[in-house]
Amino acid sequence: MNELAVEPRTRLRDRTARLFGQWGVFFRGFVEHPRMVGSIIPSSRFTIRKMLGPVNWAECKLFVEYGPGVGTFCRPVLERLPRDGKLLVIDTNPLYIDYLKRTITDGRFVAVHGSAADVKEIVRAIGYEEADYVLSGLPFSTLPDGVGPAIAEATHDVLRPGGAFLVYQFSAKARDFMAKHFARIEQGFELWNVLPCQLFWGWKDEAA
């Protein structure tokens, strides 16, 4: 490809990101990695409220999020998280991780550039053995072959008994992966989102 043609497009992309701030960063991440970003628009406040509704914050020591993007869920989670809690976010896009590290200064926040499939190793690396809740907006229907099942299995393994895997999606594909590991899956729907999305809460058996 002609380097002279690429350079103007790169400059335009960067100027757009600066102009629109958070939305620009989110859009740029979607353009660069469309298969790894669930939507071109961040989740609505209605989706956030409903998705986080079942969380028992008083007993939450470690909350994990896959694919945090520009932090749409991060700030609401930190507002609810106990003072001694920790929010760990994992994303394969260094653009998002860099943005979050620059804009979220809360001492309870940790951002890691990596794969959700490696969540067990990442959790141990920050000093924990298990997580209380894991949230994901990753587009399971478009992830590379084998990645979705690997993430579902690793998530079940890293959760404490009684913990939950919280998933919001435009399709029900994630539920297929979750059902292999979570015996109890609750389901919801949020119309006030672009696009309307399905919500899933997979609970890990207390005796698991």
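Reply: Start with one residue. His156 touches His181, Phe182 and Lys204, leaving aside residues up to four places away in sequence. Contact here means heavy atoms within 4.5 Å. His156 sits in helix α7.

Me: What kind of model is this, and how are residues numbered?

Reply: This is a predicted model: local features need pLDDT of at least 70, side-chain atom pairs count only at pLDDT 80 or more, and totals for chains, interfaces and linings use all residues. Residues are numbered from 1 along each chain as its sequence is written, and side-chain values use heavy atoms, with hydrogens and water left out.

Me: Is His156 buried or exposed?

Reply: Apply the cut-offs. Buried means under 20% relative accessible area, exposed over 50%, and partly exposed in between (1.4 Å probe, protein chains only). His156 has 15% relative accessibility, so it counts as buried.

Me: Which class do Lys180 and Arg75 fall into?

Reply: Lys180 counts as exposed because its relative accessibility is 64%. Lys180 lies in the loop between α8 (173–178) and β6. Its C-alpha is 8.2 Å from that of Glu153, and the two are 27 residues apart in sequence. Arg75 is at 29%, so it counts as partly exposed. Arg75 belongs to helix α4 (residues 74–80). Arg75 and Asp106 are 31 residues apart in sequence, with 9.6 Å between their C-alpha atoms.

Me: How many helices and strands does the protein have?

Reply: Labels first. Helices (H or I, at least four residues) and strands (E, at least two) are DSSP runs, numbered from the N terminus. The protein has eight helices and seven strands.

Me: What is the strand order in the sheet?

Reply: Pairing sets the order. Two strands pair if DSSP finds at least two bridges between them. The sheet is open, has seven strands and reads β3-β2-β1-β4-β5-β7-β6, with mixed pairing. Its edge strands are β3 (109–113) and β6 (184–190), each pairing on one side only. Neighbouring strands are turned by 15° against each other on average, direction ignored.

Me: Which pairs run parallel, and which antiparallel?

Reply: Walk along the sheet. β1 and β4 are parallel, with four bridges. There, Tyr66 stands opposite Ser136 in β4. Strand β4 (residues 131–136) and β5 are also parallel, joined by five bridges. Val134 has Phe165 of β5 as its bridge partner, and Leu135 has Leu166. β5 and strand β7 (residues 197–203) are antiparallel, joined by six bridges. Leu166 is bridged to Trp201 in β7. β6 and β7 are antiparallel too, with seven bridges. Phe189 is bridged to Gln198 in β7.

Me: Where do side chains point in a strand?

Reply: In a regular strand the side chains alternate between the two faces of the sheet. Six of the six residues of β4 are buried, so β4 is largely enclosed by the rest of the structure. Strand β5 (residues 159–169) is largely enclosed too, because ten of its eleven residues are buried.

Me: What is the hand of the crossover between β4 and β5?

Reply: Point the strands away from the viewer. If the path from the first strand over the helix to the second runs clockwise, the crossover is right-handed. Here the chain goes from β4 through helix α7 (residues 147–158) to β5, a right-handed β-α-β crossover.

Me: Which strands does helix α3 lie across, and which does α5?

Reply: Axes are lines fitted to C-alpha atoms, for helices over the stretch in contact; angles run from 0 to 180 degrees between N-to-C directions. Helix α3 (residues 45–52) lies across β1 (62–66), β4, β5, β6 and β7, at about 20° to β7. Helix α5 (residues 94–103) lies across β2 (86–91) and β3, at about 160° to β3.

Me: Which residues of α5 are buried, and what caps its N-terminal end?

Reply: The buried ones are Leu95, Tyr96, Ile97, Tyr99 and Leu100. Asn93 is the N-terminal cap of α5, with a side-chain oxygen 2.9 Å from the backbone nitrogen of Leu95. A polar contact is a pair of N or O atoms within 3.5 Å; within protein, one must be able to donate a hydrogen and the other to accept it, and residues adjacent in sequence count only if both atoms are side-chain atoms.

Me: What do the totals say for the protein?

Reply: Of its 208 residues, 48% count as buried. Among contacts between residues at least 6 apart in sequence, 67% join residues at least 24 apart.
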